[in-house]
Amino acid sequence: MKQDMKIPQATTKRLPLYYRFLQNFANEGKRRISSQELSEAMKIDSATIRRDFSYFGALGKKGYGYDVLYLLEFFRQTLDQDEGANVALIGVGNLGNAFLKYNFQKNHNTRIVVAFDSKAPRDGMEVNGIPVYHPDRLEEMYHEYNAELAILTVSSRSAQNVADRLVAIDAKGILNFTPVRLNVPDSLKMMNIDLSVELEALIYLIRNSD
Ligand SMILES: NC(=O)c1ccc[n+]([C@@H]2O[C@H](COP(=O)([O-])OP(=O)(O)OC[C@H]3O[C@@H](n4cnc5c(N)ncnc54)[C@H](O)[C@@H]3O)[C@@H](O)[C@H]2O)c1
């Protein structure tokens, strides 16, 4: 990665997608790819792809395109795909249950390893093979299962309190699905996901295309 360069969040979000598409190309036996081909497969314009890749230094050659295996190795290292991450899910209601059922099958190394819900018994129960504990045991079990980050799908009124507890146990990140804008220190990385914002953006794109 180029030194002292801040990678925009939009680029960071696309990295796992690049990795997945490159894996597909490699599995098909493709060894070389142009940004145009990648663009058509991913439905992302090629200028964006070239700009994203430029943050990581010169990864392609003019007139040659990109070496698929080299790129794959590069992104694998950048994304730490070998290591993956253990994820805790907090709040097993409508949304949380869906995540436990899905559990990121496409990304084998990153998995929800433990979940918490106020309706779960202290001794825990299982949903889709994943242990679910009462939040009284958050601090204990978060460490027990080596969780690195948390997905937050609790009701809004509990969100800040849970976030404070995650800060206190040194969680590295929160993927926040609640509508609450959480107060956390900069040392904790936070991403907010709001489907209604994404939907509004899509509607805007549809209404403003050509
Ligand atoms: N980001 C989005 O696009 C999007 C879409 C739908 C819902 N949401 C939000 O996601 C959250 C979950 O939605 P839902 O429909 O699954 O709600 P839900 O009420 O079905 O589930 C919330 C769960 O959190 C649990 N809970 C409450 N306080 C807790 C605590 N302190 N510790 C552990 N568990 C706790 C409850 O027992 C419940 O099971 C809500 O905040 C909702 O507003 C976001």
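**Close-up views of the predicted model**

**View 1. The pairing of S6 and S7.** Strands S6 and S7 are joined by three bridges and run antiparallel to each other. Met-125 has Val-132 of S7 as its bridge partner. Strands here are DSSP runs (E) of at least two residues and helices are DSSP runs (H or I) of at least four, both numbered from the N terminus; two strands count as paired if DSSP finds at least two bridges between them. The model is predicted: local features need pLDDT of at least 70 and side-chain atom pairs count only at pLDDT 80 or more, whereas totals for chains, interfaces and linings use all residues. Residue numbers start from 1 along each chain as its sequence is written.

**View 2. The seven-stranded sheet.** The open sheet has mixed pairing and the strand order S6-S7-S5-S4-S8-S9-S10. Its edges are formed by S6 (125–127) and S10 (189–192); each has a single partner strand, so one side of each is left without a neighbour in the sheet. From one strand to the next, the twist averages 30 degrees. In general, strands of a sheet pair through backbone hydrogen bonds, in either a parallel or an antiparallel sense.

**View 3. Helices on the sheet.** Helix H5 lies across S4, S5, S6, S7 and S8, and runs at about 140 degrees to S5. Helix H7 also packs on the sheet, where H7 touches S4, S8 and S9 (173–176). The direction of H7 makes about 175 degrees with that of S8. Axes are lines fitted to C-alpha atoms, for helices over the stretch in contact, and angles between N-to-C directions run from 0 to 180 degrees.

**View 4. The largest nonpolar core.** This core has 28 residues, and Ala-88, Leu-89 and Ala-150 have the most contacts inside it. Two or more residues each come from S4 (85–90), S5 (110–116), S7 (130–133), H6 (138–144), S8 (149–152) and H7 (156–168). The most is given by S5, with five residues. A nonpolar core is a set of buried Ala, Val, Leu, Ile, Met, Phe, Trp, Tyr and Cys residues joined through C-beta atoms within 7 Å. A residue is buried if 20 or more other C-beta atoms lie within 10 Å of its own, exposed if 12 or fewer, and partly exposed in between, with C-beta atoms placed from the backbone.

**View 5. Surroundings of Ala-150.** Neighbours within four places in sequence left aside, Ala-150 is in contact (C-beta atoms, placed from the backbone, within 7 Å) with Val-87, Ala-88, Ile-90, Leu-166, Ala-171 and Ile-174. Another core, of eight residues, lies apart from the largest one and includes Tyr-18, Tyr-66, Leu-71 and Phe-75.

View 6. Val-92 lies in the loop between S4 and H5 (94–102), and is buried because 23 other C-beta atoms are within 10 Å. Beyond its neighbours within four places in sequence, Val-92 is in contact with Asn-97, Leu-100, Ala-115, Asp-117, Val-127 and Val-132. Asn-94 is placed in H5, and is exposed, with 8 other C-beta atoms within 10 Å.

Note on methods
Two residues are in contact if their C-beta atoms, placed from the backbone, lie within 7 Å.
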